[in-house]
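Colleague: I would like to learn how to read the features of this model. Could you take me through them one by one?

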Amino acid sequence: GCTKKDQPAGGSAPNFTLEDIAGNAVNLADLKGKVVMLDFWATWCPPCRASIPGLERLHRTYGPKGLVILAISLDQGDWDSVKSFLAEYGITYTVLKGTEEVSDRYMVRSIPMIVMVDREGSVRKRLIGYGVEEEVEKEIKALL
């Protein structure tokens, strides 16, 4: 059988259910079979803001092929300002309201942080910081 060693880096992505900006619950486990990119970010973080156009491009390019981007916002509380931020930046990928519990589970120490989850629900890659778009795209192509 499968020993732990055969598993990809990081093992299973910790499951979570978070609300999107419209208040709908999104459960990570429900997305099995798709490639999921988790983006931990916040509106007050300049490198996070800088990475938005790249994420939007990846979403438009690979969304139709089965990539799901879940941007987990670590902004505290004021979701109205986050909503207007999303509108202003023209973000069309899914933004979720993050919790401390989820950022603890994913050991988020600095943002932006991207976690790539494969179709089986395993963590394949963790990329920290702005400017990792090319690497992210390689990873997406490999996983799709």
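Modeller: Start with contact, which means heavy atoms within 4.5 Å. Helices (H or I, at least four residues) and strands (E, at least two) are DSSP runs, numbered from the N terminus. This is a predicted model: local features need pLDDT of at least 70, side-chain atom pairs count only at pLDDT 80 or more, and totals for chains, interfaces and linings use all residues. Residues are numbered from 1 along each chain as its sequence is written, and side-chain values use heavy atoms, with hydrogens and water left out.

Colleague: Which elements are included in what covers the buried residues of α2?

Modeller: The cover includes β3 (35–41), α1 (46–62), β4 (67–73) and β5 (94–97).

Colleague: Which residues of α2 are buried?

Modeller: Buried means under 20% relative accessible area, exposed over 50%, partly exposed in between (1.4 Å probe, protein chains only). Helix α2 spans residues 79–89, and W79, V82, F85 and L86 are its buried ones. They lie on the same side of α2, because their arc around the axis is only 110°. That arc is taken over the directions from the helix axis to the C-beta atoms.

Colleague: Why does such spacing work?

Modeller: An α-helix has 3.6 residues a turn, so residues three or four places apart point the same way. Turned away from the buried side of α2 is a face with the exposed residues D80, A87 and E88. Just after α2, G90 has a positive phi of about 65°.

Colleague: Now the sheet. What is the strand order?

Modeller: Two strands pair if DSSP finds at least two bridges between them. Here five strands form an open sheet, β5-β4-β3-β6-β7, with mixed pairing. β5 and β7 are at the edges with a single partner strand each, so one side of each has no neighbour in the sheet. From one strand to the next, the twist averages 20°. For such angles, axes are lines fitted to C-alpha atoms (for helices over the stretch in contact), and the angles run from 0 to 180 degrees between N-to-C directions.

Colleague: Which pairs are parallel or antiparallel?

Modeller: β3 and β4 are parallel, over seven bridges. There F40 has I72 of β4 as its bridge partner. β3 and β6 are antiparallel, over five bridges, and M37 is bridged to M116 of β6. β6 also pairs with β7 (residues 123–128), antiparallel over five bridges, where M116 has K125 as partner. Five residues separate β6 and β7 in their hairpin, and G121 in the turn has a positive phi of about 90°.

Colleague: How many residues of β6 are buried?

Modeller: Five of the five, at residues 113–117, so β6 is largely enclosed by the rest of the structure. M113, V115 and V117 point one way, I114 and M116 the other.

Colleague: Which core residues touch the most other members?

Modeller: A nonpolar core is a set of buried Ala, Val, Leu, Ile, Met, Phe, Trp, Tyr and Cys residues joined through side-chain atoms within 4.5 Å. The largest has 50 residues, and F16, M37, L38, F40, L70 and Y106 touch the most other members. Leaving aside neighbours within four places in sequence, F40 is in contact with residues including I72, Y106, M113 and V115.

Colleague: Last, which cysteines does the disulfide join?

Modeller: A disulfide is a covalent bond between the sulfur atoms of two cysteines. The rule is a pair of cysteine sulfur atoms within 2.5 Å. C45 and C48 are joined, S to S 2.4 Å. Their S-S torsion is about 80°, so the disulfide is right-handed. C45 counts as buried at 4% relative accessibility, and C48 counts as buried at 2%.
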